[in-house]
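This report reads the structure shown below from its domains to its ligand surroundings and then to its backbone and salt bridges.

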Amino acid sequence: MALIDPLLLNSRLGSLAGRFDVDALDTCDSTSSELLRRAERGAPAGSVVVADRQSAGRGRRGRQWLSAAHESLTFSVLWRFTAPASRLAGLSLAVGVGLLRALDKLGARDVFLKWPNDVLLRSGNDSAKIAGVLIELAADRRGTQVIIGIGLNLQRPTADMPQAAAGLCAAMPSPPERHDVLAAILCALADIFETVAADGFIALKNEWQSRHLWQDQPVQIIAEEGEPQAGICRGVDHDGALLLETGSGIQRIFSGDVSLRPISNSQAMHGS
Ligand code: ATP
Ligand code: BTN
């Protein structure tokens, strides 16, 4: 039997239980791929697939998401917006705000956002990734279909990662219970979806910036091609674009194929 029991989860969702239809699997390739297939067969908004194990968990840009059953929570949520995809820019950041609201409610400390799609745990001057968000949009007759994939480490992953990773347990005094965590996130997402549908990401921008790990800090943007761009991170625009202050003014950076990294003040002054 899967680690998530939908009946137990529904009891934690309370009045929101009717908004989500949760299917818990032992294993699948990727909860986002599985939900995409179900969406193509007409699955309704609010469908959720959660799996203990993924054989092909995906991150952004074809990267892998690595997780083990007892260490993590991996799930995807199907939602539909009447707005066109162009009005949903910033959704990945909005989901990040929802994740932090949920983690705060569960009692987590020192969790922050990293543009565009990560949740990090800060420890002194270091930080480690505890969650990632993968958003996949598709236009359909009814507007825009969105599959939101979330991978959250409950424990520090045992797999080797190219960058530091941590578990939610390190942010909380006692280990989180997975049904509580999933229910808190789904409740927070229901709220976020309403806000985004009504007002767009701009309504959440200040909240996002207040939890941005490198707000007003020196950072660099690394693209797959070309030189890294250094500057001071001035937060995000109404559509979720990152604002980078450089010698030639404020640059708007779109999340496509770039990575954000912190750098020292002297590196920022010398432009690399
Ligand atoms: P950036 O967005 O700056 O490029 P990133 O390294 O977080 O940063 P993403 O594409 O957002 O890249 O996320 C995928 C990456 O997440 C993988 O390449 C891997 O380094 C990392 N990763 C995979 N599984 C986990 C996990 N369980 N916990 C933390 N990090 C993970
Ligand atoms: C990232 O950091 O790049 C995003 C990682 C998203 C991982 C989750 S795990 C559940 C869902 N299924 C997937 O294959 N990916 C997302």
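Two residues are taken to be in contact when heavy atoms of theirs lie within 4.5 Å. The model discussed here is a predicted one, and the domain assignment of its chain gives domain 1, covering residues 6-210, and domain 2, covering residues 218-269. By that contact rule, 15 residues of domain 1 touch 19 residues of domain 2, while the centres of the two domains, taken over C-alpha atoms, are separated by 25 Å.

**The interface between the domains**

The area buried between domain 1 and domain 2 comes to about 1300 Å², and carbon and sulfur atoms give 55% of that area. Between the domains the count is 1 salt bridge, in which the side chains of Glu-224 and Arg-61 meet at 3.3 Å, N to O. Side chains of opposite charge can pair when their charged atoms come close.

**Surroundings of the ligands**

Which residues are closest to ligand 1? Of the 19 residues that surround this ligand, the closest are Arg-60, Arg-63, Lys-114, Lys-129 and Ser-259. Ligand 2 is surrounded by 21 residues, and here the closest are Ser-30, Gln-54, Arg-58, Arg-60 and Lys-129.

| Ligand | Residue | Distance |
|---|---|---|
| ligand 1 | Lys-114 | 2.6 Å |
| ligand 1 | Lys-129 | 2.7 Å |
| ligand 1 | Gln-163 | 2.9 Å |
| ligand 2 | Ser-30 | 2.7 Å |
| ligand 2 | Lys-129 | 2.7 Å |
| ligand 2 | Asn-117 | 3.4 Å |

For Lys-129, a polar side-chain atom lies 2.7 Å from an oxygen atom of ligand 2, and an N or O atom in the side chain of Lys-129 is 2.7 Å from an oxygen atom of ligand 1.

**Backbone details**

The peptide bond that runs from Trp-115 to Pro-116 is cis, with omega near 0°, and Pro-116 itself lies in the loop between strand S4 (111-114) and strand S5 (118-123). Asp-110, although it is not a glycine, has a positive phi of about 65°, and the place of Asp-110 is in the loop between helix H3 (91-105) and S4.

**Salt bridges in the whole structure**

The structure as a whole holds 18 salt bridges, among them one in which the side chains of Asp-180 and Arg-12 meet at 2.5 Å, N to O. Because Asp-180 belongs to helix H4 (residues 178-199) and Arg-12 to helix H1 (residues 6-13), this pair ties together parts that are 168 residues apart in sequence.

How values were computed: Residues numbered from 1 in each chain as written. Chains lettered and ligands numbered in written order. Predicted model: local features only at pLDDT ≥ 70, side-chain atom pairs only at ≥ 80, totals over all residues. Heavy atoms only, no water. Domains from an automatic or database assignment. Buried area = accessible area lost by both parts, 1.4 Å probe. Salt bridge = Lys/Arg side-chain N within 4 Å of Asp/Glu carboxyl O. Near = heavy atom within 4 Å. Polar contact = N/O pair within 3.5 Å; in protein donor to acceptor, adjacent residues only side chain to side chain. Helix = DSSP H or I, 4+ residues; strand = E, 2+ residues; numbered from the N terminus.
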